[in-house]
Amino acid sequence: MSTQVIAEEASRVEGRSPSRMAWERLTKDRTAKVSATVVLIFICLSVFAPLFAWLTKDTPNAFHPETLDSAMGALPIGKLGGVSGDHWFGVEPQTGRDLFLRFVYGARTSLSIALAATFVATVIGVVIGLVSGFFGGKIDQFLSRLMEIVLAFPSILFALAITPVLEDVLIGRGLQAGNGTRIPVIIMVLATFGWPYIARIVRGQVISLREREFVDAARALGASKFHLIFKQILPNLWAPILVTIALNIPTMITAEAALTFLGAGVMAPLSDWGAMLLSSVAFYEVDPMYTAIPGFALFFLVLAFNLLGDSVRDALDPKSSR
Amino acid sequence: MMKLGRKTGSVIAAFALCAGVVVAVPSASAATEFAGPAPAVKGATKGGTLNIFDQSDFEHLDPARNYVGGALDFYRFFTRALLNYRTYEGKTELLPDLAADMGTASENATVWTFKLRPNVKWEDGSTITCADIKYGTMRSYADDVLKGGTTYAKDFLDNPGNYKGPYIQPSADLPSITCSPKGDSITYKLSQPVPYFQSIVAYGSFAPIKKSKDTGANYDNKPFSSGPYKIQTYNRGKDLTLIRNAQWDPKTDPTRWNYPDKIVLKFGADQAVIENGLISDSGLYKTAMSLDTELVAGLSKVVGVAKYKNRFLQYQSPYSRHYLINMDTVTDVNVRKAIQCAIDYNTVILAAGGSNVGSPSNSMIPSSLSNAYRKFDICGRDVTKKPEAQTAAAKDFLSKATVKKTDLTVAFRDKGTEKARASAVGAALEAAGFKVTLKEYPVASYYTAIAVRGADEPDVIQGSWGYDWAAATGIVLALLDGRTMTKTDAKSNYSRQNDSAIQKLFEATDSMTDVKKSDKALGDIEQKTIQDLATVVPVYMQIANSIFGSKVGGVQADGGYGTTSPAAAYIKK
């Protein structure tokens, strides 16, 4: 072949970076595409919740007494729990609040708390995992024991117990009672029980990375420990960190819903999937739609996140054993 | 649990019960026909275990601290008093219990003497003495240790020496109570004429307590029995088991029955669990009932359906559901009027369960008390005709306020439909421009917590009240008279009402011995506090909907306490 053709061929056969290859693997994965779409739909629903409120000229907390049958225990009038053109998902028994709006605002509450808790847990987990894995020795021993102790706690029970206590402490220091104080407490508590999962994985990765040649090379060149940790090792951790984030979000969503269901979560009247589940239990026989909505929503969202997380992990490291 | 108010029963009083129950109070001179036993309940058989499933434990079983309707009815299984109510076949009477007669009044109803029955025994076989009855009342003065309960003893007994209770003054005496030398009668000297004193002695501060068994604040955990049952085990918050008390002699007691062998209470299940369990009538629920759980979500399945007819009990209860506005924290009357106008009667009643659970009412006094009940407008309209929120009027009042308090805390209990109702009020208040925080309290300490003055006081309190006896003195005095309060404890005056003009009107009723006159005066006072002071927003009068297992008989609406009662219950074979 002529040199020009060879040169053109050469430019087309480009080297692909690992991230590029991972991305291509991900986009070829059917499961990843479907689950990513589902996750995106839920995120859009929660981000655009105020838009839906504006469209339907309603709010999630507005009572609609005319949609309820007063003589029949204040249950919604009509089939499927009051589904109609005005109320796409029907209405809540006893209050008449629009369930579609409560569903999207609930998605907002549950998702934002879960994402915030995941973020905080990730930051804590990455820092502790890095320090523990890099320094080894007594520091590693101490931090590893700490991780094990936190993991050993029955987290839901403890969260149930400690949330009101923490809240009282904060209120004692002058914060207002209400969701403004309760939500940060929930995020803190969820993050406190979530960071060890991330820390352990990060620690394992750091231990395998710190003996690699590029780290040795940097060390030989006189790099400080700080440089080694944050400029050499941390950039190579993004893959496992991404995977743990994707797999931790559904755990946080479920944990937040469980906390609210058990009474230690967000306070009324803020809409939340766990709160919807809790109030719907009394009506499951006479108005099953009311239970089905948050139940199926939680199920699909958590499933989608889990599948997406698995797909991301497969894409980033196809050699990892399932 | 519903809180109970006070009772007057001078001659005949009418209750707001569907069956048209009349409380008969026999005249003081009829003495001999008060022997036990109570007349047999039709079809009742002895034996079996009655199961009771409640959402929450009782706040107090100590007679000096018990002031909640369902608990007052229930604890008669092991607590006897001087006089007591008996509801039998739809009729309610006040009868001698430990007393042998209905009491004799003298000196313009400031001195009352009751003959006592001989040979009535405690659960350990010792005799219940006049000294025990006197000690029970002396102990009720100990506010420091025994928080809660009625204040009748302190309110009405003469106390020139300022007696403070046996824990602070162990050797002091309360001279206004005297026992006859043979111990066969007891005399009370009152500080003012109280023609309805007979109704008052049915209350816990006049129940006997054996001094050697007085465990102070722990008495709640194991009251010593004088009734047909005694406590076998009591795990607070979990379960309570009553077994037969062999020392109770039915011939000395015309007010009680003892059909079941055992009564087992379990606390802690959710509203939905208990409702569905009782409707399903399976397992333990076949022989069960509930004292604090009414049908709400399950109402649509049961109302009017033939197969539940025999085990469904619906009656107009004397309990009012209302909102009290804290005058100490919401000081501007215009803000309080705005709150009154903002509340939406429709959404609150729907949140409670709809028209089968309550009917809108402008007063806390039931309409059956014809001399006291007034029909008047709230926020310029008839609440039965226009129950919707008057949001425009609310905003108007709020703009006229000088001390604009727009941040409000709404207090409610963690129970049943309370959260839904509080949410309804919260939403209605927010529509009028307020910023609302809903504050949930645990059931077991609600009434104590919301009465605390000086710290953490809620602004709007979700409350309920049933009269202690069928006259306005049983409602208005306890709920609105500023004299019940202390500096740290609002007692039952949750709205902290203490307006000087209103108090003058209250003082004028002290000397009224004629029930018609006092009913009328108190009805007027209630109207003034609602319309002019805006301290209360009455919303609805409760309709009770109870369901019980198919093997339980004898469940009735108690005319004395207005609750679904296990007193005459039996297990069908």
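**Starting point.** I am working from a predicted model.

**The sheet.** I traced the strand order in chain B and got S15-S19-S14-S18-S16-S17, an open sheet of six strands with mixed pairing. At the edges I found strand S15 (358-360) and strand S17 (435-441) of chain B, each pairing on one side only. From one strand to the next, the twist averages 30°.

**S16 against S17.** Next I looked at how S17(B) is held to its partner. Strand S16 (residues 407-413) of chain B runs parallel to S17(B), and seven bridges join the two. I picked out Val410(B) and found its bridge partner in S17(B) to be Leu438(B).

**Pro538(B).** I then moved to strand S19 (residues 536-547) of chain B, where Pro538(B) sits. Is Pro538(B) buried or exposed? I call Pro538(B) buried because 23 other C-beta atoms lie within 10 Å, and the cut-off for buried is 20 or more. Leaving out residues up to four places away in sequence, Pro538(B) touches Ser320(B), His322(B), Ser361(B), Asn362(B), Ser363(B), Met364(B) and Ile530(B). I also checked Asp261(B), 277 residues from Pro538(B) along the chain: their C-alpha atoms are 42 Å apart.

**Contact with chain A.** Chain B puts in 25 residues and chain A 23 residues. On the chain B side, the elements giving two or more residues are helix H5 (271-280), helix H6 (299-302), helix H8 (345-352), helix H10 (418-431) and S17. H10(B) gives the most, with six residues. Sorting the chain B side by class, I get ten nonpolar, twelve polar and three charged residues.

How values were computed
Residues numbered from 1 in each chain as written. Chains lettered and ligands numbered in written order. Predicted model: local features only at pLDDT ≥ 70, side-chain atom pairs only at ≥ 80, totals over all residues. Pairing = 2+ DSSP bridges. Helix = DSSP H or I, 4+ residues; strand = E, 2+ residues; numbered from the N terminus. Axes fitted to C-alpha atoms, helices over the stretch in contact; angles between N-to-C directions. Buried ≥ 20, exposed ≤ 12 C-beta atoms within 10 Å, placed from the backbone. Contact = placed C-beta atoms within 7 Å. Nonpolar A, V, L, I, M, F, W, Y, C, P; charged D, E, K, R; others polar.
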